[in-house]
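Subject: Structure handover and findings

Hello,

Here is the structure we spoke about. Please look it over before you read my notes.

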Amino acid sequence: METHCAACGKPITVDLPVGRRDECRHCAGDLHACIQCASFDARGGICREPHAEPQRDRQAANACEWFRFAGSKVAGAAGPSKEELRAAAEALFRKKP
């Protein structure tokens, strides 16, 4: 998977699943850390997974069993189209009968 390191922002290639000891090749930042997880809310600095144990250091490797590597697309990589995003939003917010 082509992505960016959340610690240094440099592009990296990651093999999934991400192991607890995996590190960024540029900054040696831990990849199995809260800041790299799909459940981590960077704006609030909290985990959105209700079952996860709180972690002291959000940038350090942890053994969270709820960890899901989020990654971010490398600039220029194909992502969902505008139409796909709109259709997903409409399906999400559609009124239920």
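Below is what I found in it, by topic.

This is a predicted model, in which local features need pLDDT of at least 70, side-chain atom pairs count only at pLDDT 80 or more, and totals for chains, interfaces and linings use all residues. Residues are numbered from 1 along each chain as its sequence is written, and side-chain values use heavy atoms, with hydrogens and water left out.

Overall fold

Helices (H or I, at least four residues) and strands (E, at least two) are DSSP runs, numbered from the N terminus. Along the sequence the pattern reads β-β-β-β-α. The chain has 97 residues, and 24% of them count as buried. Buried means under 20% relative accessible area, exposed means over 50%, and partly exposed lies in between (1.4 Å probe, protein chains only). Take the contacts between residues at least 6 apart in sequence: 49% of these join residues at least 24 apart. A contact means heavy atoms within 4.5 Å.

Cysteines

How many disulfides does the structure hold? It holds zero. A disulfide is a pair of cysteine sulfur atoms within 2.5 Å. For Cys5, the closest cysteine sulfur is in Cys24, at 3.8 Å, so the two are too far apart for a bond. For Cys24, the closest cysteine sulfur is in Cys8, also 3.8 Å away and too far for a bond. Cys5 is buried at 3% relative accessibility. Cys24 is buried too, at 4%.

Cys5 sits in the loop between E1 and E2. Neighbours within four places in sequence aside, Cys5 contacts Lys10, Ile12, Cys24, Cys27 and Gln36. Cys5 and Glu23 are 18 residues apart in sequence, with C-alpha atoms 9.3 Å apart.

Lys10 is in the loop between strand E1 (2–4) and E2. Lys10 is partly exposed, with a relative accessible area of 43%. Beyond four places in sequence, Lys10 touches Thr3, His4, Cys5 and His26. From Lys10 to Cys24 the C-alpha distance is 8.8 Å, across 14 residues of sequence.

Is Gln36 buried or exposed? Gln36 is buried, at 2% relative accessible area. Gln36 lies in the loop between strand E2 (11–13) and strand E3 (40–41). Leaving out residues up to four places away in sequence, the contacts of Gln36 include His4, Cys5, Asp30, Leu31, Phe67 and Phe69.

A search of the whole structure gives one aromatic pair. Phe67 and Phe69 form this pair, which is tilted, at 6.5 Å centre to centre and 50° between the planes. Rings of Phe, Tyr and Trp (its six-membered ring) pair if their centres lie within 6.5 Å; planes under 30 degrees apart count as stacked, over 60 as edge-to-face and the rest as tilted. Phe67 and Phe69 are both buried.

Backbone points

Two spots in the loop are worth a look. Leu16 and Pro17 are joined by a cis peptide bond, with omega about 0°. Pro17 is in the loop between E2 and E3. Ala28 is in the loop between E2 and E3 as well. Ala28 has a positive phi, near 60°, in a residue other than glycine. Ala28 is partly exposed, at 45% relative accessibility.

Largest pocket

The largest pocket holds about 170 Å³ of space. On a 1 Å grid over the protein atoms alone, a pocket is an open set of points where a 1.4 Å probe fits, with protein on both sides within 12 Å along at least five of seven lines; lining residues have an atom within 4 Å of a point. Grid points are joined across faces, edges and corners, and the volume is the space filled by probe spheres set on them.

The lining has 15 residues, with Cys34, Cys47, Ala52, Glu53 and Arg58 nearest the centre. By class, nine are nonpolar, three polar and three charged. Ala, Val, Leu, Ile, Met, Phe, Trp, Tyr, Cys and Pro count as nonpolar, Asp, Glu, Lys and Arg as charged, and the others, Gly among them, as polar.

Cys47 belongs to strand E4 (residues 46–47). Cys47 is partly exposed, at 32% relative accessibility. Cys47 and Cys34 are 13 residues apart in sequence and 7.6 Å apart, C-alpha to C-alpha. Residues up to four places away aside, Cys47 touches Ser39, Phe40 and Ala52.

Best regards
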